[in-house]
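Hi,

Here is the structure I promised to pass on. Have a look first, and then read my notes below.

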Amino acid sequence: MTALLVAVGYYLGARLGLGLSLVEENVTPLWPPTGIAVAAFLLFGRSLWPAVAVAAFAVNLPISEGLPAALATAAGNTVAPWVAALLLERVGFRRQLDRLRDAAAVVFLGALASMLISATIGSLTLLASGAIEVDRLPSAWAVWWTGDAMGVLVVTPFLLSLALFRELPPWSPVRWAEAVAVLATLTAVSLAAAYSERQLLFLVLPVVGWAAWRLQLRAAAPAALVAAMVATWSAARGLGPFHHGSLLEQMLTLQAFNACIALTSFIFAAMVTERMRAAEDRATRDHTIATILQRSLLPAGMPEVPGVTLAARYVPATSDVQVGGDWYDVVPLPGGQLGLAIGDVAGHGLTAAATMGQVRMAVRAYALQEPSPESVLTGVHRLMTDLGMPDMVTLTYLLFDPVTGSLRLSNAGHPPALVIDAGGRTSYLESAMSPPVGVTAHAAYPEVEHVLAPGTTLVLYTDGLVERRGVSIQEGLDSLARLATEHAEDGLESLCDLLLGSLLGDDGVQDDVAMLVLRTVSLVDGPLDVRLEAVPRSLRLMRATLRHWLRAADIGSADEHDILLACGEACANVVQHAYGATPGVMEVRATLVDHGVHLSVRDRGSWRPAADRGGGWGLQLMRELMDSVEVLQDPEGTEVLMRRTVDTGGGA
Amino acid sequence: MTDLATVDAEHAPGECAVRVAGEIDLSNARDVLDLVTRLVPEETRRVVVDLSGVDYLDSAAISMLFRLAETLTRRRQELRLVVPDASPVRAVVRLTQLDRVVPVTSSL
């Protein structure tokens, strides 16, 4: 099928070429079929040569002096483009013609060198068949050579450019409009020049330059084809600029013009594409580095904290330069509280990402030292001022106690946090606002306190979530609140996905978005179920959580102490013996059954028998403190089940 | 001082009283032991470790106290612990029989 199309295309191209001949039917300044053959070999492979050979024979038979002459000419016309394609492939030619070297390869190897073959075979055949005398051989050779070469220079890039419409990203309507405009202008200018008695052909060049500069090969190659066709047609008719002068003069003018047009179009287009790609590569590299840096500076995961579920997202901007600077963090504090931060460093790119990393670590360090919001923000402010960091940082920092639900917050110029209560009602935390960190010389960071009831969701985010071009921030905030109400029942992960999906739209992310979502989970309604990292510092958090639960269940203090100690011993065993070098989790579950507490401490590790460390009192203490202790081992890990009757309803 | 427990000492001629408050567990027992050992001068005869302010003491903390007793015995120092009768840690001291090795009183 392809072969048939190529053959037909070749034949029609030849008819067109003959129609453009200057004298009778054998001095043709532009021979399109050669260009068609080269393009066909480059696009579909050189194995298509039989199609070209047959078509070339069909073209040459009626205009040659006999069958052998037609065969010889057809052979020359097939071998030349075949060699052209071979040479181009050998030098690593890219048919996208998007590098200067590809453009140069087409000119020197594809056109000038390869067409020596067809010109030599063709002109010698003319001589041998008696069509021309020896004295006309040089001029016949020259006309043949330039005609074939022009065919390659003008037609091949055009056909290759057509393939690009399928391979490259499609043009926007605006680009299409520009392409139509440039071709219309070019046709008008070419025709005007063709009919004018004055030498106005050079006026075409800037238009071809426009096409190459703005739209590259996809517009430049068609433009060159149109310009060359019009000029050649006008020369064939002896119009305008070709009205006077000898055949040689006409030929020289035309070939010089066509060569200029062809070279300007695709060499210029290749240079522009090359430079654009270099700039794009640079931008892509910066974007990638900033994204990687940004991601590596964000928390790798969310900590396990009893009493809350957490989810977080970071979405880098799609645009090359807008990445970087947004962050969130969750800092588990020694007392079982949580420090939560969300912030945005003004500016984008590598600098913003780097500053973000420093500020994030500063927040962590200050939080561990003195976790109050006021002190953390003051610390970060002082650090930024002392270091002379030029950036402006908006930052909301919260100190949250999962056991009591108490929340202390201070907001330095950041969009307000959204609270969604268990019933789906939303409110923004708009108090305790202060200017962004690092802006003013002396800053005060007021705090506000809230209590989050169980089932409350807190959404912290950066401005990219609510700010969009053409939409006011208030509209963004309203949409966020509305979506949050509608999806208050969703799990946190799907809530995150939904908010991002709905608010960011489909047309790319204009600005980074960081999002941190926290939901409070009741620690006292029903059984207690907590998962903690099996490390020593988790023990205290486990006790705080269990203590809170036992008190809410009205269990007396003597029972409370014993249960806490038994559970602490079981957990300490998990910490010390359940896992190897990589820590796992421990799961503590407590249920109230009639007048008893059932306690389960589970690990997912291969239990090592308790080493004789710590006196080995762990299990013994558990047995003393509780009514019953069972140690169940299964392939997944170990579970310690403990029961104890308790006094409820009064202190011990 | 660790963030879970505080340790401070009061020196009198021939006697040193170390007050520990807070919670002692696997995560900070070694730190507390180091602090207490450092705060007790070698030449002091009598050492009192006051656990009145301690709300939680696990078996890691108990073995820390055993080790402290050993160290002080080697240094020819006398150790006494103060654990009030109503203290939440009274039970664990009794269950581990720490009070058989180290004298425990309910007040200073």
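What follows is a short account of a helix pair, a single helix and the interface between the chains.

This is a predicted model, in which local features need pLDDT of at least 70 and side-chain atom pairs count only at pLDDT 80 or more, while totals for chains, interfaces and linings use all residues. Residues are numbered from 1 along each chain as its sequence is written, chains are lettered from A and ligands numbered from 1 in the order in which they are written, and side-chain values use heavy atoms, with hydrogens and water left out.

In chain A, the axes of helix H11 (residues 247-297) and helix H12 (residues 349-369) come within 9 Å and cross at roughly 5°. That makes H11(A) roughly parallel to H12(A) (angles under 35 degrees count as such). Helices here are DSSP runs of H or I with at least four residues, and strands are runs of E with at least two.

In chain B, helix H1 (residues 29-39) has as its buried residues Ala29(B), Val32(B), Leu33(B), Leu35(B) and Val36(B) (buried is under 20% relative accessible area, exposed over 50%, with a 1.4 Å probe and protein chains only). They lie on the same side of H1(B), because they cover an arc of only 165° around the axis. Arg30(B) and Arg38(B) are exposed on the face turned away from that side.

Finally, 18 residues of chain B are in contact with 24 residues of chain A.

Best wishes

Note on methods
Axes are lines fitted to C-alpha atoms, for helices over the stretch in contact, and angles run from 0 to 180 degrees between N-to-C directions. Angles under 35 degrees count as roughly parallel, over 145 as roughly antiparallel, 65 to 115 as roughly perpendicular and the rest as oblique. The arc is that of the directions from the helix axis to the C-beta atoms. Contact means heavy atoms within 4.5 Å.
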